[in-house]
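I opened my notebook to look up a few things in this structure. The entries below follow the order in which I looked.

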Amino acid sequence: MRRLGRLAAGLATATVLVVTASGCVTVHGELEVVPGATEPEAAKALEDFTVAYNEADKAYDPALDADRVTGSLGAINQAGLTARQKNSPEGNAQHKPLELTDASYVIPRKAGWPRWFVADTDSNRDQDGGKQDTRWLLAFVRTGPDAPWKVSYLAVASATEVPKFRRDADGWAQPVPSADTDATLATAPAELSTTYTDYLRDGAPDVFAPGSMTSGWREARKTTRRAGFSYQYVDQALDSGTFAPLGLTTEDGGALVFFSSRHFERQTAAQGLRPTVTKDVQALLSGEVKSTLTKERVSSQLVYVPKKGAGGADGKVRVLNRLPGLVAAQGS
């Protein structure tokens, strides 16, 4: 487990940014509150990401979009492409180009770097109209004036789940201070990763609405059974550097927040048995699987956090989407 922990720690990119007490990030004294991007810049960033994503997916080559992804999406994307490249070095015979259209941009005004925005798009991966119609939300981050825009979070949600965002007179969105020092929200965005992983382990704090990604996931873990095998789970917060949460204030006083987490699943076999190793796991495996297999996943979540004081189900954090991906495996 220690070795895998070091592998996971290596995913977080070092940063020279300084977080102030107010939650603002400053570089070289840049304290002016300005929009994170113009709409043409945001549209160009979305186009550049889509082109790079398609090139990488077609070739199964992580190098082709490495400079367009970061954070939890980067960890998931790069590990997934690495595994597929090993298993299919000739590339993706089933490649279907991703198309992201009908884009609108939610661009917050903030001081310093990093700057960021969210692209709310329609993809060609769903069915238009009806319950299967979804929106792809991509959070783009830029760490400095000469740095490229990279996607740190990707979430898929129905159009009805995407709230209306609070905007100023000029149409710019309002970011949620990571510390939420005024305690206006039911849960502080900076604490979401720790709160979520604590909840998965202990069932407390009980701030999440019931669902497949909260209470349902805890129950599934408890009821997982296979003769001759035992299962252990470890959940860890992942909330610094390129994995920092990003939140936008909504019109109703709540917030839509992206955050990351890390999850280990260890499967131990009784004498004479051996855990099953799939091709994707084998491609990311270190060590030899004799009796134990530990899988490490990085996950990103999109949640709606209500304002503080809302009662009942309306007062609990709703997990709208969870995107997990295998990033490493260890055998012993």
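**Charges over rings.** I looked at R218 and found it over the face of Y199, 5.7 Å from the ring centre. I also found the charged end of R226 over the ring of F229, at 4.0 Å from its centre. A charge sits over a ring if NZ of Lys or CZ of Arg is within 6 Å of the ring centre and within 35 degrees of the ring normal.

**What I am working with.** This is a predicted model, where local features need pLDDT of at least 70, side-chain atom pairs count only at pLDDT 80 or more, and totals for chains, interfaces and linings use all residues. Residues are numbered from 1 along each chain as its sequence is written, and side-chain values use heavy atoms, with hydrogens and water left out.

**Overall make-up.** I noted six helices and 14 strands. Helices (H or I, at least four residues) and strands (E, at least two) are DSSP runs, numbered from the N terminus. Of the 332 residues, 48% are buried. Buried means under 20% relative accessible area, exposed over 50%, and partly exposed in between (1.4 Å probe, protein chains only).

**Aromatic pairs.** How many aromatic pairs does a search of the whole structure find? I got nine. Rings of Phe, Tyr and Trp (its six-membered ring) pair if their centres lie within 6.5 Å; planes under 30 degrees apart are stacked, over 60 edge-to-face, and the rest tilted. The F49 and F140 rings have centres 6.2 Å apart and planes at 85 degrees, so this pair is edge-to-face. F49 is in helix α2 and F140 in strand β7 (residues 134-142), 91 residues apart. Both F49 and F140 are buried. F140 also pairs with F117, and that pair is stacked: 4.9 Å centre to centre, with 5 degrees between the planes. F117 lies in strand β6 (residues 115-123) and F140 in β7, so the pair ties together parts 23 residues apart in sequence. Ring pairs link F49, Y53, Y105, F117, F140 and W149 into a cluster.

**F258.** I found F258 in strand β11 (residues 255-269). Is F258 buried or exposed? It counts as buried, because its relative accessibility is 2%. Its C-alpha atom is 5.7 Å from that of Q301, although F258 and Q301 are 43 residues apart along the chain.

Most residues other than glycine have a negative phi, and most peptide bonds are trans. I looked for exceptions. A cis peptide bond joins W113 and P114, with omega about 0 degrees. P114 is in the loop between β5 (109-111) and β6. The bond from A204 to P205 is cis too, with omega near 5 degrees. Y60 is not a glycine, yet has a positive phi of about 50 degrees. Y60 sits in the loop between α2 and α3, and counts as buried at 12% relative accessibility. D102 also has a positive phi of about 50 degrees. D102 lies in strand β4 (residues 100-106) and is exposed, with a relative accessible area of 55%.
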